[in-house]
Amino acid sequence: MEYGLDKRSNALKTFNTTFIIIWLLIACFPFIWTFWGSFKVRADFFSRADWWYAISAFNTLLETGGQFTSKAYSEAWSEGEFWKASRNTIIVTVFVVSISLFLGTLGAYALSRSTERYAFWILIAALIFRAMPHITLVSGYLFPFFELQIWGILPTTIVVLVAINQPFTLWLLYSFFKTVPKELDESALIDGCSYFQAFRYIIMPVMWPGVITAGLFSLMLAYNDFTVTALLLNQENHTMVPKIQSYLGTNQHEGNLMWAVSAVVSATAPLFMLVMFFQRQVISGLTTGAVKG
Amino acid sequence: MPNKTFFWFFLPTGLAMILFIGLPIISTGIQSFYAQHDQVVKEVKKCDPFGCTVSIVVDQEATSILRDEKPLGKFNGFGTYIDRNHLAIEQISDFWKETDSFGEFINQVTNLPFYKALLFTLTYCLFVTPNVLLLGFIIALSLNAISRKIRGPLIFGTILPMIVTPLVGSLVLFWMIDAEGIIGANLQLMMEDPYLSLKSSRTLTWITIIIYGIWHHSPFAFVVFYAALQTVPQEPVEAAIIDGASRYQRIRHIVLPHIYPVVTFVALISLMDNFRVFEPIIGFSAEGSAQSLSWLIYDNLVNEEVILFGSAAATSMMTIIGIAILLAPVLIRTWKEFRTAR
């Protein structure tokens, strides 16, 4: 926003710049630091003696002979079976995103074109479902899933994540389809198309911007989920986030902290890349509904 | 759209939501009225040359048969809701009679697991939500004043804390703040207290988790406010400048009223998310001094010996009631708007 008349004093400009720099440091430094530290040995990154070791790499030099070591990565990926966790994450993410987009576009399109009263109530119900803490839902799943013996496997988790994701996807795509002019598909209907044909040939070609945004959010939910994956998957099928938690160790067994550090970096890097490419879509997704109010 | 077409379009997503969000809530409700079986005990007579002794042992076989027959457990009514780990009606009335001062009473009550968790959850919401709104708004204002050319990367840096999962976000901070991390170690040096650490005090743990919450949620508030700021009309702002309004007055009387609906939206979403605070407690390994409602449920569900379905379900139901109370004003407002719109 450039105000033509608005003259900022130099003091204000300096203050503003300083504030932004400080904030960016707070927001980004933890990630940079973790990335840096993941190439050190534990005695350096979690140093009891002197925190400066994390920079001077005192113990890393002693143990490995170099300033940096990728030992933590190679160990976590092979011995720690992080490859398996990332494979599971990829499976879960791909399926959750495609299924929830398929269900979501159909449902949201119907909602956006319906003038009936129940459409409003469905949206409200979706809002209430969106507010449910995931852990309360999980406490409802566990018992029936044990009884049906479908606990611990990937398909169950995929279906659950799709369902949990639906309310948000519906709202997002609903507000997107509202911006697609009604006349477009109405004219197709007049020409003798069925609703399904209108959706297939008229709406589908123009819906991709909205679908990409919704897909990104489904992806972030599936990729980032901890509550559902930690409790509904067995050890063998764990995805990345529960895997990271298992590296932390418990009272019973000691974990391997450096594995956790390298796993955190490995899990976060692809996400950051993705958001870098799709920043515009992420931001537009967060603001639809909000700004139009 | 005709009802029939609507039905077929909406069926898949509706089914998914009913089966995996609606039914689980009902299932939680049913489970909350049951409690796990007591172990079946039997008397065993053991005789040796010196005489016979009768000891009571757990009958493993009978217990497992009972568990297989009625896996849901025994019917407990509202028993789980009022036991010591939940509403603790009995304990509270005892405290009321026994304690002398009101402060002591409150102290005793907040030591009960459920109230302890409720207190933390509410404190967390109460401190995080307003600060998120404030910080998000300030960042939005201040980024909005920066040259458009370099805004892109700055926005990317700003939203990083939001896009990582809370567990990872809290771990990344924890590794810095812990006694062996860069910030923790430097704080020890500055305070000249070699034993200063996150785990050493309850207050410190709470403050850390709250700071984490603000760090994690502010970017969301920022993004929404930033987008809203782009829609503020220029004419009133320019008119205000000509009339000699100060920067503060312009924000207070023009910008804020314009983005007010967005503020309520952000406040609501952020309140809902904060109410389910859970992962940071695991990330900061703060179970000792900070427990939230969601964490209580998780703890019941990962119990080593027997999964406490009933207990977890009772806490879940009360959490859902809490959410309902939080959402009620919004729902009522939406309903009124909907009615007037018709």
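Some housekeeping. Residues are numbered from 1 along each chain as its sequence is written, while chains are lettered from A and ligands numbered from 1 in the order in which they are written. Because the model is predicted, local features need pLDDT of at least 70 and side-chain atom pairs count only at pLDDT 80 or more, but totals for chains, interfaces and linings use all residues.

Start with the two chains. Between them, 77 residues of chain A are in contact with 83 residues of chain B; contact means that the C-beta atoms, placed from the backbone, lie within 7 Å. On the chain A side, helix H1 (residues 10–37) gives the most, with twelve residues. A helix here is a DSSP run of H or I, at least four residues, numbered from the N terminus. That side of chain A has 55 nonpolar, 17 polar and five charged residues. Nonpolar is Ala, Val, Leu, Ile, Met, Phe, Trp, Tyr, Cys and Pro; charged is Asp, Glu, Lys and Arg; the others, Gly among them, are polar.

Now inside chain A. Its domains are domain 1 (10–69) and domain 2 (76–287), with bounds from an automatic or database domain assignment. Their C-alpha centres lie 33 Å apart. Nine residues from domain 1 of chain A and seven from domain 2 of chain A make the contact. Which element gives the largest share of the domain 1 side? H1(A) does, with four residues.

Last, chain B. Domain 2 is 75–104 and domain 3 is 113–341. Seven residues of domain 2 of chain B are in contact with six of domain 3 of chain B. The domain 2 side has three nonpolar, four polar and no charged residues.

Definitions and conventions. Two residues are in contact if their C-beta atoms, placed from the backbone, lie within 7 Å. Helices (H or I, at least four residues) and strands (E, at least two) are DSSP runs, numbered from the N terminus.
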